Amino acid sequence: MSRSLISSIRAASRLAVAPTTRRPCILPITKTRLNQCSSRPFSVTAHRRLMETSGFSEEQMTVREAILKICSNFDDDYWMEHDQTETYPHELHAALAKDGWIGIALPEDLGGAGLGIAEATMMMQSIAESGAGLAGAQSIHANVYATQPVSKFATPDQRERFLKKIISGEWRTCFGVTEPNTGLETLKLKTTATKEGNGYSVSGQKIWISSAQVATKMVLLARTTPLEEVTKPSEGLSMFYVDFDLSQPGLEAKRIKKMGGRAVDANQVFFDNYKIPQDALIGKEGQGFKIILHGMNAERCLLAGEALGLGYAALKKSTDYARDRVVFSRPIGQNQAIQHPLADAYMHLEAAKLATYHAASLYDRSFPDHPKHDPSITTHAVGVACNSAKYLAAEAAFTACERSVMSMGGMGYAAEYHVERYMRECFVPRIAPVSREMIMNFVGEKVLKLPRSY
Ligand SMILES: Cc1cc2nc3c(=O)[nH]c(=O)nc-3n(C[C@H](O)[C@H](O)[C@H](O)COP(=O)(O)OP(=O)(O)OC[C@H]3O[C@@H](n4cnc5c(N)ncnc54)[C@H](O)[C@@H]3O)c2cc1C
């Protein structure tokens with residue numbers, strides 16, 4: 001099915017002429033779906049979107065239009081209700097899986113679309129921007145980024161067995177790195193995987209694990225050699241792709257009550273001699289940190305895209321409101337005190353957009369199998385670009401959400417105007433997967449060559 005997705009994308013790219021003449025329903029996977037699209041016309045321009053799209057590739061625009069079309073079936077009320085009832089948006093995951101989108105950045109030989117993180121970032125941005133916000137995006141994103149290191153470092157047999165069901169939507173994955181006692185000091189994490197019989201026994205605790213209530217698999221980072229016995233703290237960690245089976249002894253997940261993105265669960269996870277087979281190990285034992293970094297840089301791009309989507313969605317709501325709401329006999333948007341902060345927020349989103357898609361492109365082109373591979377792109381350059389993009393997009397989204405709430409007065413605070421939900425969600429990209437402060441520490445030390453501050 002996903003093979004036809006990529007063929008359709010490529011076919012659509014060939015067919016598409018100028019953006020103004022592009023057919024709205026451009027990504028039918030089958031002829032039948034094309035007919036359905038024609039009989040149920042849809043246009044993303046029916047709802048004016050704010051982001052300037054000049055300069056994106058045909059593939060990115062095709063992804064954007066197809067995703068916005070799918071997401072149009074999930075309206076603001078759907079997301080408000082799922083937020084209020086803390087109910088998982090299973091239907092969005094199913095709809096995207098049905099059309100092959102979960103495997104957007106996974107290889108074609110496994111049924112994926114074989115596109116890059118630049119296209120996957122556009123997909124995640126479009127989900128958030130549709131009004132699904134961070135909650136909608138979070139219900140999908142681990143399946144896209146956490147599977148990257150599995151795809152790149154697993155054996156052919158592992159890839160076949162582990163990834164096909166993620167792509168089809170039968171399985172979902174979660175990502176288990178953060179721990180309660182070590183936080184951002186990842187290299188000190190305490191969860192251990194100890195050799196036992198034909199496999200390993202895992203003990204320890206993880207925290208903030210998104211989607212653990214619905215996941216079938218977990219990307220797990222655990223220590224296989226004690227910290228005292230390695231020369232560098234980044235050694236002795238191993239990456240596993242484990243069955244996440246809460247019915248098995250030694251595994252428990254407890255939901256955390258949280259501020260935003262309430263439709264998607266976040267959890268404390270407890271391992272107590274949880275047994276995993278040898279085959280769950282991805283790549284070489286002790287090399288897990290290097291391996292998982294591939295997922296982490298990809299995640300920064302996706303999350304930057306999600307933040308952008310949230311920011312544009314908020315600005316769309318507030319500018320529509322500012323045009324319509326009349327006080328003192330004129331639209332509030334005619335007042336510069338309303339108009340200028342919104343214009344400023346827009347420009348920050350546009351700047352962060354450039355940083356985000358630059359980072360995603362560097363990430364993709366750093367791999368030798370990419371058609372536009374550039375061997376001069378270093379791991380360092382990718383890391384700097386991905387971290388910077390995540391920082392800038394998260395800050396731009398925060399500014400857009402905060403100003404949207406404030407410019408709408410009391411209605412900015414009302415659930416049914418949705419920007420309060422976006423406001424609650426926009427903190428996540430500022431905190432996770434790495435905080436603003438740690439990104440500044442990284443840039444200060446590794447780019448500006450200032451003394452390490454911590
Ligand atoms: C909604 C949500 C979903 C998440 N989903 C996942 C998931 O699926 N999987 C997963 O593994 N993790 C997940 N996380 C965890 C997330 O990645 C961490 O919360 C994040 O990395 C921060 O770690 P911490 O909360 O332990 O903060 P801490 O490490 O306790 O830090 C607390 C604060 O102190 C600051 N600080 C610490 N040290 C320094 C220093 N040296 N200099 C300056 N400031 C410093 C930090 O910047 C931060 O602001 C999620 C988090 C949230 C909120």
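The structure is a predicted model, in which local features need pLDDT of at least 70 and side-chain atom pairs count only at pLDDT 80 or more, whereas totals for chains, interfaces and linings use all residues. Residues are numbered from 1 along each chain as its sequence is written.

The protein chain has 14 helices and 10 strands, and 50% of its 454 residues count as buried; a residue is buried if 20 or more other C-beta atoms lie within 10 Å of its own, exposed if 12 or fewer, and partly exposed in between, with C-beta atoms placed from the backbone. Helix α3 (residues 58-71) is mostly covered, with 12 of its 14 residues buried, including Val63, Ile67 and Leu68. In helix α5 (residues 90-98), Leu92, His93, Leu96 and Ala97 are buried. Seen down the axis of α5, these buried residues fall within an arc of 130°, so they line one face of the helix, the arc being that of the directions from the helix axis to the C-beta atoms. The buried residues of α5 pack against α3, α6 (117-145) and α8 (156-168), a contact requiring that the C-beta atoms of two residues, placed from the backbone, lie within 7 Å.

Most residues other than glycine have a negative phi, and most peptide bonds are trans. Tryptophan 208, which is found in strand β3, has a positive phi of about 70° although it is not a glycine, and it counts as buried because 21 C-beta neighbours lie inside 10 Å. Glutamate 86, placed in the loop between α4 (76-85) and α5, likewise has a positive phi, of about 55°, but is partly exposed, with 15 other C-beta atoms within 10 Å. In the loop between α13 and α14, which holds proline 433, a cis peptide bond with omega of about -5° joins alanine 432 and proline 433.

Note on methods:
Helix = DSSP H or I, 4+ residues; strand = E, 2+ residues; numbered from the N terminus.
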